[in-house]
Amino acid sequence: MTSRVPSLILGRLLIALVTLTIVSFAVFFATTLLPGDTATILLGQAATPEAVAGLRTAMHLDEPALLRFVYWIGGLFQGDLGTSYANHVPVATLVSGRLANTLKLAGLTTLVSVPLALTLGITAAMWRRTLYDRIVTIATIGVISVPEFVLATLAVLVFAVYLKWLPALSFTYNIDSFSGLLRAYAMPVITLTFGVSAQMIRMTRAAVIETLNTPYVEMALLKGASRPRMVLRHALPNALGPISNAVALSLSYLLGGVIIVETIFNYPGIAKLMVDAVSTRDLPLIQSCAMIFCFGYLILITTADIVAILSNPRLR
Amino acid sequence: MKTHSSTEPRASTGSLTAWSGYRINLVGLAAFSVVLFWALVALFAPYITPHSVGEMIDLDYFGPMRPGLWLGSDYLGRDMLSRIIYGARYTVGISLAAVSIACFTGVVLGMTSAVLRGPVDMVVSRILDAMNSIPSKLFGLMVVAAVGSSIPVLILTLSVIYVPGAYRFSRALAINIDTMDFIMVARIRGERLPYLIASEILPNIIGPVLADLGLRFVFIVLLLSGLSFLGLGVQPPYADWGALVRENIGGLPFAAPAVIVPSLAIATLTISVNLLIDNLPQKIRDRSAS
């Protein structure tokens, strides 16, 4: 029998590509077909009609929207993201440094939250229906139901106001020493970890419990395997697929989370850049940031789907 | 979120055990009372505010809780209790309007796709899936950047964002029902689409759909508060709970009630809606139980 896996994965990648096209269409037209003429906005009220007309031609504004869309996509592929309206700096320059900062934050959060969430999720499933499981479940429901900024507010209250361990709302660049670095990143990472882990714990717990309900695990129980052995040796290998799917899906929560966390902690990342761009209506900047976010999100959910396909032995 | 007895899943046998599935437990009841409390606060806001929302009555800003100013004062010395009560109106009202539009559109489209199948189903599913792959907060940001923020725009944006989810959920449910014999009978009878979705499919999926509506309400409250917190949601002079946290974030270093109380208000509302749905009677939550 031939494997269906390659064709399934190819199909999934194709869907991702189609989705990306539709999304870029939406991003472009949502931000381009706005009331107000870009050239007039750029040159200000006092500009002569000739100057405005000249700029319109130079920016291809007289051409049909569809053609401008093609130019824009072509530019994206060549790394030309356009020029910011607000300060006339190429968007690529603005974005590159900020993107690195955000990736650093996301990477740190992943490093902290994945081991934490997997441990909590698996142990909660192992000791199902005990007090420990109850507490974990209720805590995760609580965290999931609360907006990120409330988590951030609570984290500041606990760690900065009452315990006085960390600075409150300032991101200091004093990261020469290890302790300085730790202090600067601690608060944003703690807040993001809470949100990401809560999702991951719930999904991991559900995946392990589902495997525990299968007959072969019951068999292991009957032959006298201990509870940890039953979970770690027998159930876990089969739950790995759904768990890694859960990890990828939960990490996509980061994309929403960083928007709030970077704003509240004044962290110089790409989400903060985008929020600022929205308040100044800096369209090229908004378009680029939106595309970066959608791209990251698509990568994560496509990975989640592919992992799910790969881990299903029935498809091999 | 009204549940008429006529709209509950059919085919309950009428025996003595038929109602046992509808018993609600203590946690569910507690959660329901909190939700009801906030609904009443939102409804009767103008009659229960002790002070005018915009009036500065405290000489001090970020004042502590004390008699007369039960929740302290905000960054301009305004009464926090009154502002929270009015904030409930915006948070609950906007979210309720948005969730109604989103679920109505999503469920109608979902049932239609499930009944029609074929190209209609494929096109609608693909487009809504693509919409689903734009992160919700980002979508909100883009719309606000494009058309500015006003309450009608907010309601419409929030509902557009959550249509795909409601669509997916109701389509999956409706497809299961669509394969049943009584649908086939109705089709052979020559019934048309509106009758099929309204009278044959909807009554059989209404329970899970209402539970899903509750979950989506929570998502919308979270997103609305998030946008308002960023300063892109409800605009001054109006303020929902997210905007109240934003306004008073300066009070955070001194743990002012002005910043803690609206955060708690959001948390109590969303957590209790979630708990309420988790503890709903099995018969309403489970499509297979009917």
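User: Is the crossing of α5(B) and α6(B) left-handed or right-handed?

Analyst: A crossing is left-handed if the near helix is turned anticlockwise from the far one by less than a right angle, and right-handed if clockwise. The crossing of α5(B) and α6(B) is right-handed. This is a predicted model, in which local features need pLDDT of at least 70, side-chain atom pairs count only at pLDDT 80 or more, and totals for chains, interfaces and linings use all residues. Residues are numbered from 1 along each chain as its sequence is written, while chains are lettered from A and ligands numbered from 1 in the order in which they are written.

User: At what angle do the axes of helix α5 and helix α6 of chain B cross?

Analyst: Axes are lines fitted to C-alpha atoms, for helices over the stretch in contact, and angles run from 0 to 180 degrees between N-to-C directions. Helices (H or I, at least four residues) and strands (E, at least two) are DSSP runs, numbered from the N terminus. Helix α5 (residues 136-147) and helix α6 (residues 151-178) of chain B have axes that cross at roughly 145° and come within 10 Å.

User: Which residues make the contact between α5(B) and α6(B)?

Analyst: Two residues are in contact if their C-beta atoms, placed from the backbone, lie within 7 Å. From α5(B) come Ser136(B), Phe139(B), Gly140(B), Val143(B) and Val147(B), and from α6(B) come Val153(B), Thr157(B) and Ile161(B).

User: How far does α5(B) reach from its first C-alpha to its last?

Analyst: The expected span of a helix is 1.5 Å times one less than its number of residues. With 12 residues, α5(B) reaches 17 Å, close to the expected 16 Å. Just after α5(B), Gly148(B) has a positive phi of about 80°.

User: How many residues of α5(B) are buried?

Analyst: A residue is buried if 20 or more other C-beta atoms lie within 10 Å of its own, exposed if 12 or fewer, and partly exposed in between, with C-beta atoms placed from the backbone. In α5(B), 11 of the 12 residues are buried, including Lys137(B), Leu141(B) and Met142(B).

User: Why does Thr112(B) count as buried?

Analyst: Thr112(B) counts as buried because it has 21 C-beta neighbours inside 10 Å. Thr112(B) is found in helix α3 (residues 80-116) of chain B. Leaving aside neighbours within four places in sequence, Thr112(B) is in contact with Leu193(B) and Ile197(B). Thr112(B) and Ile175(B) are 63 residues apart in sequence, yet their C-alpha atoms are 10.0 Å apart in space.

User: How many helices and strands are there in chain B?

Analyst: Chain B has 11 helices and zero strands. Of its 290 residues, 48% count as buried. Among the contacts of chain B with a separation of 6 or more, 71% join residues 24 or more positions apart.

User: And how many helices and strands are there in chain A?

Analyst: Chain A has 13 helices and zero strands. Of its 316 residues, 37% count as buried. For chain A, residues 24 or more positions apart account for 72% of the contacts with a separation of 6 or more.

User: Which residues does Val150(A) touch?

Analyst: Not counting residues up to four places away in sequence, Val150(A) touches Ser263(B), Ile266(B) and Ala267(B). Val150(A) sits in helix α7 of chain A and is buried, with 28 other C-beta atoms within 10 Å. Val150(A) and Thr191(A) are 41 residues apart in sequence and 9.4 Å apart in space, C-alpha to C-alpha.

User: Where does UniProt place the feature "transmembrane region" in chain B?

Analyst: UniProt positions are given in the numbering used here, feature names are shortened, and annotations may be inferred rather than shown by experiment. The unreviewed UniProt entry places the feature at residues 26-48, 90-118, 138-163, 213-234 and 254-277 of chain B. Residues 26-48 of chain B are 96% helix and 0% strand, with end C-alpha atoms 29 Å apart. Residues 213-234 of chain B are 77% helix and 0% strand, with end C-alpha atoms 23 Å apart.
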